[in-house]
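Hi,

Here is the structure I said I would pass on. Have a look, and my notes follow below.

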Amino acid sequence: IEGRPGNPVHRYAVHRDVLDELGLEEVAQKGTWSIKPTVGEKLKESLRCSVPSLKHILLTWIPILSWLPKYSFRENILGDVVSGCSVGIMHLPQGMAYALLASLRPVYGLYTSLFPVLVYVVFGTSRHVSIGTFAVISIMVGSVTERLAPDEAFYFNGTNGSLTVNIDARDAYRVQMACSVTLLSGIFQILLGVVRFGFVATYLSEPLVRGYTTGAACHVCVSQLKYLFGVKPARFTGPFSLIYTIVDICRLLPQTRVPELVVSLVALAVLIVVKEINACYSKKLPLPVPIELIVVIGATIIIHFCGVREDYLIDVVGEIPSGLKAPRTPDVTFFSQLIGDAIAVAIVSYAITISLGKTFALKYGYKVDSNQELIAVGLSNTIGSFFQCYAVTASLSRSLVQESTGGNTQIAGVVSSLLMLIMVIRIGSLFEDLPKAVLSTIVFVNLKGMFRQFMDVPLLWKTNKVDLLVWLVTFISTVLFNLDLGLALSVGFSMLTFIFKTQLPHYSILGNVPSTDLYLDTEAFKQVKEIPGIKIFRSSATICFTNAELYLEALQQRSGLDVRKLQMEKKKRAKQEKMAKKEVKKSLNKEKNLSMHKDVAIFLTNTSSNGFGHVNSAYQYDATTSEIDSGCHGENNLTPISYEHEKDGRTCMSVTHSIILDISTTGFVDTVTVKMLKNIFGDFADVDVDIYLAGCQACVVEQLEKAAFFESIPKTRLFVTVHDAVLHILRKLGQTDIILDASCDTQM
């Protein structure tokens with residue numbers, strides 16, 4: 001069928017009866033059976049022991065058993081090996097650099113890049129994420145270690161009487177703190193995963209996560225300035241500590257150590273230039289140039305063989321013990337001091353991992369189990385804490401390298417772990433002369449992706465200002481109030497925005513699109529027409545206890561019917577009618593007595609005048625005139641609810657006799673909603689306005705039945721669609737043709 005040029009119109013026609021809820025149940029043959037198993041059946045099924053159920057449990061909880069037997073060496077092994085080597089090369093410099101963020105020795109970053117990765121290979125469900133050290137989590141762990149193990153707690157008198165920090169004791173204590181908070185956060189993640197609480201990450205919206213990571217990047221950046229300039233600022237804790245640190249570093253700038261600044265600037269320039277080349281020629285290069293590893297090796301060789309360390313006293317990494325340490329149980333006595341920090345680390349590390357995992361899963365068409373990811377990250381943290389590793393999460397930069405270099409499975413993680421094992425056992429000690437300034441530049445360069453998230457601000461300004469507000473509040477609270485308190489404030493603010501959205505939905509009066517069964521907002525579309533006498537009201541949000549009162553107020557405001565006022569007016573009219581009836585009755589009695597006196601007088605007059613009983617017509621009582629004069633207009637004289645609306649030079653009168661509540665957007669009802677709907681039916685019935693429901697979902701109907709809603713309200717007031725309700729009302733009034741030509745709109 002032809003329509004607009006280049007845009008053909010397809011038409012359809014449906015012939016069916018107008019269906020209310022009772023008619024729908026009959027046509028669709030609604031049953032009382034339930035296809036959902038009961039709680040007892042679920043429990044019985046979970047406790048049943050069989051080979052298929054045992055196999056399902058093993059494959060669910062240990063995903064490697066499901067994909068490793070199907071692994072295709074011919075298709076995947078080359079890409080996984082190349083990808084694993086590339087990621088392993090990145091693990092070395094990033095592991096050592098991020099360990100400094102956690103206020104630990106670089107070797108613990110190497111441990112963290114080894115053991116947790118192997119655990120995730122076994123229990124993880126994402127094929128492309130690279131688990132290990134990450135700047136945000138490292139700085140969160142570092143805030144814990146520096147708060148609970150500050151330098152001031154390890155001062156002792158030196159040989160010349162000056163106070164000196166016992167670095168060995170301090171570092172050992174900080175390792176205990178880091179392992180304890182990692183173990184506790186891992187336990188939280190495992191428990192949440194077991195009770196299927198993986199959906200908790202959905203409450204961390206993307207603007208919140210991006211704003212938080214951007215704020216954390218500012219903390220990371222400031223924490224590395226001391227290595228860049230070779231100064232030692234005072235340590236600040238609590239709110240505004242970032243501001244105080246920046247002020248203190250600016251105060252110490254005259255004391256900048258020039259050799260370390262030169263090393264930092266040279267390394268920074270080389271890293272930026274080569275990384276930009278990698279980005280520009282990423283499609284032409286088979287592998288990105290491992291510039292971080294090259295800079296680390298080059299700086300170590302120069303410092304070691306040129307004697308720069310002794311001549312200029314450049315701060316270097318120091319001792320890196322070769323080999324692996326025996327596992328040790330973290331100190332659980334610190335748990336009471338670490339609960340808040342552990343929860344923050346657990347939530348952030350999982351949120352980053354699942355967001356990256358779902359991004360790659362969507363791109364390559366496989367499924368990531370959010371609950372299993374929570375368990376996998378939790379086990380990586382828990383098991384890693386016994387091997388002196390700190391908290392891990394997925395790294396964006398390493399994950400992108402793993403994906404872009406041909407990684408198809410977590411076999412790439414195994415290859416990178418083997419490479420890290422070789423480095424820890426044999427090669428690690430060769431990097432003892434690596435300057436810390438070089439590691440800080442590696443951290444700086446890898447923050448580029450996080451700082452690019454500032455571009456979210458103009459984008460969100462154009463698309464969604466509420467999300468922009470969440471982003472800004474999260475960023476500002478994270479920068480000003482530190483990572484733990486900032487996360488709590490941002491989550492609380494995000495929840496408030498959600499509450500306000502449910503509290504302030506869009507309410508609208510719907511009108512009919514001529515010659516269709518469509519009903520749209522009269523304020524948004526010019527051609528829609530209200531059905532005279534019928535108000536169709538809709539809310540854009542679910543009706544619940546938080547907005548039930550607002551829904552009722554909006555209904556009265558939009559429909560133009562103030563129920564309380566109309567009820568008072570009706571009572572006032574009834575009272576006036578009662579008084580009028582009494583006056584009429586009293587007047588009739590008075591007139592009756594007066595008529596009797598007149599009759600007697602006429603009789604006497606006639607008798608005296610002519611002696612006969614003839615009536616004089618001049619004195620005859622006109623009952624009709626008397627009744628009109630008395631002011632009686634009958635009993636049914638209520639004033640109708642009407643509105644005058646002048647349109648196209650014509651004035652028409654339309655009486656609001658019916659209201660249709662479109663509740664198709666409501667996904668559930670609570671007791672407050674049920675009570676409110678009952679009150680609406682009752683209150684509007686008092687002012688002679690019929691209420692109908694339309695578009696009610698099956699689950700909502702079931703909840704209304706359980707709440708005994710239909711004991712007082714018949715199901716014949718509930719219709720499948722708004723159009724069904726409109727046709728029912730018009731047929732009831734004998735005006736079925738009005739919907740085809742609504743010549744007059746009711747005024748709001």
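Which residues of helix H27 (residues 698-706) are buried? They are Val 700, Val 701 and Leu 704, where buried means under 20% relative accessible area and exposed over 50%, with a 1.4 Å probe and protein chains only. Seen down the axis of H27, these buried residues fall within an arc of 100°, so they line one face of the helix; the arc is that of the directions from the helix axis to the C-beta atoms. On the other side of H27, Ala 698 and Lys 706 are exposed. After H27 comes Ala 708, with a positive phi near 60°. Helices here are DSSP runs (H or I, at least four residues) and strands likewise (E, at least two), numbered from the N terminus.

Before you go further: this is a predicted model, where local features need pLDDT of at least 70, side-chain atom pairs count only at pLDDT 80 or more, and totals for chains, interfaces and linings use all residues. Residues are numbered from 1 along each chain as its sequence is written, and side-chain values use heavy atoms, with hydrogens and water left out.

Now the transmembrane part. An unreviewed UniProt entry lists residues 183-204 and 261-281 among its transmembrane regions; its positions are in the numbering used here, feature names are shortened, and annotations may be inferred rather than shown by experiment. Residues 261-281 are 95% helix and 0% strand, with end C-alpha atoms 30 Å apart. For residues 183-204 the values are 55% helix and 0% strand, and the end C-alpha atoms lie 23 Å apart.

Cheers
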